[in-house]
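Subject: Model for you to look at

Dear colleague,

My notes come after it.

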4 protein chains.
Amino acid sequence: MRTAATKTLGEDDVIKMLSTLSNWGRWGKDDELGTINLVTPAKRKRAVGLVRDGVSVSCARPIATNELAADTTIPPLRFMVDSGEGRDHDPPERVLARRGAAEFIGMVFHGYTITHVDTPAHYFWRGKIYNGRSCNLITSREGAGAESVDLLHDGVVSRGVLLDIAALKGRLMDSGEGVMPEDLDAAEKAQDVRVEPGDVLLIRTGYYARRLATPRHPLKDGSPAAHVACMPWFRERDIAMLGTDTHNDVSPATHPGLGNVVHIVALVGMGLWLIDNGNLEELAKACAERRRWEFMLTLAPLRLQHATGSPVNPIALF
Amino acid sequence: MRTAATKTLGEDDVIKMLSTLSNWGRWGKDDELGTINLVTPAKRKRAVGLVRDGVSVSCARPIATNELAADTTIPPLRFMVDSGEGRDHDPPERVLARRGAAEFIGMVFHGYTITHVDTPAHYFWRGKIYNGRSCNLITSREGAGAESVDLLHDGVVSRGVLLDIAALKGRLMDSGEGVMPEDLDAAEKAQDVRVEPGDVLLIRTGYYARRLATPRHPLKDGSPAAHVACMPWFRERDIAMLGTDTHNDVSPATHPGLGNVVHIVALVGMGLWLIDNGNLEELAKACAERRRWEFMLTLAPLRLQHATGSPVNPIALF
Amino acid sequence: MRTAATKTLGEDDVIKMLSTLSNWGRWGKDDELGTINLVTPAKRKRAVGLVRDGVSVSCARPIATNELAADTTIPPLRFMVDSGEGRDHDPPERVLARRGAAEFIGMVFHGYTITHVDTPAHYFWRGKIYNGRSCNLITSREGAGAESVDLLHDGVVSRGVLLDIAALKGRLMDSGEGVMPEDLDAAEKAQDVRVEPGDVLLIRTGYYARRLATPRHPLKDGSPAAHVACMPWFRERDIAMLGTDTHNDVSPATHPGLGNVVHIVALVGMGLWLIDNGNLEELAKACAERRRWEFMLTLAPLRLQHATGSPVNPIALF
Amino acid sequence: MRTAATKTLGEDDVIKMLSTLSNWGRWGKDDELGTINLVTPAKRKRAVGLVRDGVSVSCARPIATNELAADTTIPPLRFMVDSGEGRDHDPPERVLARRGAAEFIGMVFHGYTITHVDTPAHYFWRGKIYNGRSCNLITSREGAGAESVDLLHDGVVSRGVLLDIAALKGRLMDSGEGVMPEDLDAAEKAQDVRVEPGDVLLIRTGYYARRLATPRHPLKDGSPAAHVACMPWFRERDIAMLGTDTHNDVSPATHPGLGNVVHIVALVGMGLWLIDNGNLEELAKACAERRRWEFMLTLAPLRLQHATGSPVNPIALF
């Protein structure tokens, strides 16, 4: 039985996944796109065909600035370089000298609060990133010398599928709890949907709902996520991206001797791009109302060069 | 004749536009969305219906980091909070202590190099922003207390239309040169397309192509843009957003006694959201190849709260 | 009796101080230096004459980076632009390409944790800063158009005097508790020292010791400081700077209808520069050991142009 | 003859200096202070004894913000978190809600424009920093795990000596030109001063004067500095710090196969702390007027933890 097997996955089993689930070389030795290769024009057209109502829904969390969230030491920064203050009394010459209100925005978007994309360059295993490149390509001074987020310059437009595990279980999942492959199977059955190659798979654990209810709920208290046991399932279905309403690794770690095992197997082994810290609450409602858990998804990272990811606002269209 | 008339638009004529083209109150006294109200579910469905090939094209410029571009005093910042360096020789305990490569990203996205959205709160006229709110709502400490970019949380999905004025004229437009309403009419005719309510109108002057050819080409040497004389045209057609491959105001200013007149009339008077500093080069090629200048456009700003805009990567889908 | 009087200072009494203690015009109508004018070459020479042991002591708090302190939403930032990682295995060409380890440092130094100087431009009263200049000189875009910290480019070298009120009272002072003028008198007597014109006066409440003991001790729980009732005393003695181991205003506010009254009277009325958030623990020990509470003090702000202050590390020399 | 010898210093000769001039172990195997050990209380007292006039002079350059200087890609940042704008018309409740004008200040202080201290942790040689520690102690995430600038928390107070080589030569030195040991000898003789153990030695090449005259004068056009041939002289005299009005290494590099050789030998081999990018113009005038090139020097870095240096404003007192 798969359940028993997955529950006893040892470190060696996880390490083996890096070979058995590997996509290294699958799209050529120079490939940097990994699973994004699975999003073809035909796939995009099929995604477009899912739209019926013309209703769009964000899958991102709001970004509060200059405010601390749980688990954040550096909050998203916003500094105004000009404001509107006093413009109603500015003398004419000053009116002309002032420009528009504008701001500096800064953030360490990787972390636990901002919805963002991870490129394969975000993670390492034994000195390598996806497709066998050296870790030393990702430098302090130059940033990501390969597998940068700018590879997604034209965005990712594909079929999105939500598997709402919190709804399946009838409760918000707990810290340290993993979504198991049998949960994915059960959700597919309950929702009458099937995950297919090139899909952007979104998994709702309910973690963000819990966080909204208790805003200072710290991630160090743990979070649910897809268990590493799901990796063969993801590989078999050939998803293009995996997004969750958490940090995408069960916490506390299922395999503390290895670290964030989903990140390692997905990013390094499979070249599977991740969406961390999603907000799937409105999406879940929109799906439930329609009894339809598939939709067109558009995700457009900023065209940051030499970057291991980007903050992003994925848009589902029904 | 309109040409003659527009060429002699005085300051008073521009100021009058703030009344004659005003959308204040049109969608209620509490409205903050302005022309985005014109993007309805029906409009989105029609936009989706334009997709035939499943080909996506970015309308954003790449964002180089820690590099100076022309006209930028503060370049987009990228500081790594961890890199891949040395991970191939890290001892096991250090492997576990290091997290993923990650970066701080910071930028003053308003300005002359980054593709971004302007909300109505970005500009002021006689102490007011769109719909008559006080300029004092936009503060140094709290940011945009109204008309923040987070209003677009669910993205803008609509029909996009490119009017390729550079192609029409057969040359890259010059500094200080304005796109006139008769240019818009001529482009519509040449391209056999008509701009309609709720459209995201993109206007190509060729400025970014010139900039790519001479990367240090400074904006202080000027740039073309839509002339303020086009504002009645935009209002009549009821576009939802205006995007250009420049800063969206002719430079040197057509009306130096008033400042950036397109920004003032569009943002303050009409509540017309702008896309500044677009990259319409790939888009223009994609349109010309298909002899089709309309497409589905998805634009998803970051969900920044209290912000006068957001960097953005608009995606056209053919 | 002074005690009774000072304890019943009303808002009007504080507002009157802005006239009665005013230094506006005292050093000319163009003056920006305020009480720093009191530090003359003769004063500096006398300060030098106080040195006997050749022992130096910092009056600044350490600056932890990327760590939250109490009452801080934006911690001091440190981002490495290069590190030492992996240099032991860099190939020769990479050795040459890498430069020194280096960092970006950033901070909002005003606030509750970093030892810093306030210039008179930091505070306002009825639209004015010290010496009657308009508040509108301090702009979002250009910073401090007057009374910038760069005025202290050659540093402040003067006699420093510590009045150790915590030692006098035999306890760390409490939140909301004000140092009163009679405390200053008593400390002078107990320490056998007299505050004189041009001195940098440092007042120890013990707040930082309390904070060290409970690092997350939040300022919103309040802090002691010199009470505004001390302002006439400071003016009479003609001190050049006032430094405390707190934020320099009693919290909760003694006059909530006015705000930070010590800041207002000192900075705006008197042009008296402040040192906020000092660390007087080592200094107090050094003084007590020597039974001598006077010393040479050197304070050298960064030469920041257009700034309302600077982080600083004042050095006492015994 | 020394001249001939030094002019033909090969790479091997420089590498040998790392052994022959080494201070590793001199102050114990746990030492991090390096040559700062040479500044004793007795030395400080002697420094104090040099003060006669009570005149203080900055040795730092002004720091312009949000402005590009030559050779700078990231200018020092200043973002106001509140300004004075409009405070003259704020309604009462807003007066109370606004706090003082304040700013975020940020900078990559290492580089070519800001006067700053280098700690030994700033540079590496064959995987080591001063006293044999591993380069891997200086990490992207944690910063300087050893030899951080906070070691100088109590400041450096010592005798300062200016050797004015530009005055000696009667001209501003040229790009690529090295100050040679015989220049140091000649300046000592001409100025009738002798550099002694524990001194902070300041060398004026005139580079900053040239830069002031042509503000965009780029360092990539090169700069003068002390030649690596001076290192034995510095070691023999046992200086505590070396400061120059340049980046402290001749540019273009004298030994391009090794890199910044003065930095390597000084920081790694000798544990000799550097002051880069000084401003010695006012100092040179103050010295020449008095015909005295020795003075008391106080240097107080910010108490940045885990940092490889600090911006600083060294103060000379005559």
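What follows is about the interface of chain D and chain C.

Please keep in mind throughout that this is a predicted model. The contact draws on 81 residues from chain D and 81 residues from chain C, and the area buried between chain D and chain C comes to about 6300 Å², with carbon and sulfur atoms giving 60% of that area. On the side of chain D, D:Glu103, D:Leu302 and D:Arg303 together supply 10% of the area that this chain buries against chain C, which is more than any other three residues do.

As for polar interactions, the rule finds 40 residue pairs in polar contact across the interface, both residues being at pLDDT 80 or more, whereas the count of salt bridges between chain D and chain C is zero. Several elements of chain D give two or more residues to the side that touches chain C, among them α3 (41-48), β2 (77-82), β3 (102-108) and β15 (294-299); the largest share, seven residues, comes from β3(D). Sorted by class, the side of chain D that touches chain C has 39 nonpolar, 27 polar and 15 charged residues.

With best wishes

Note on methods: Residues are numbered from 1 along each chain as its sequence is written. Chains are lettered from A and ligands numbered from 1 in the order in which they are written. This is a predicted model: local features need pLDDT of at least 70, side-chain atom pairs count only at pLDDT 80 or more; totals for chains, interfaces and linings use all residues. Side-chain values use heavy atoms; hydrogens and water are left out. Contact means heavy atoms within 4.5 Å. Buried area is the accessible area (1.4 Å probe) that two parts lose on being put together, summed over both. A salt bridge is a side-chain nitrogen of Lys or Arg within 4 Å of a carboxyl oxygen of Asp or Glu. A polar contact is a pair of N or O atoms within 3.5 Å; within protein, one must be able to donate a hydrogen and the other to accept it, and residues adjacent in sequence count only if both atoms are side-chain atoms. Helices (H or I, at least four residues) and strands (E, at least two) are DSSP runs, numbered from the N terminus. Ala, Val, Leu, Ile, Met, Phe, Trp, Tyr, Cys and Pro count as nonpolar, Asp, Glu, Lys and Arg as charged, and the others, Gly among them, as polar.
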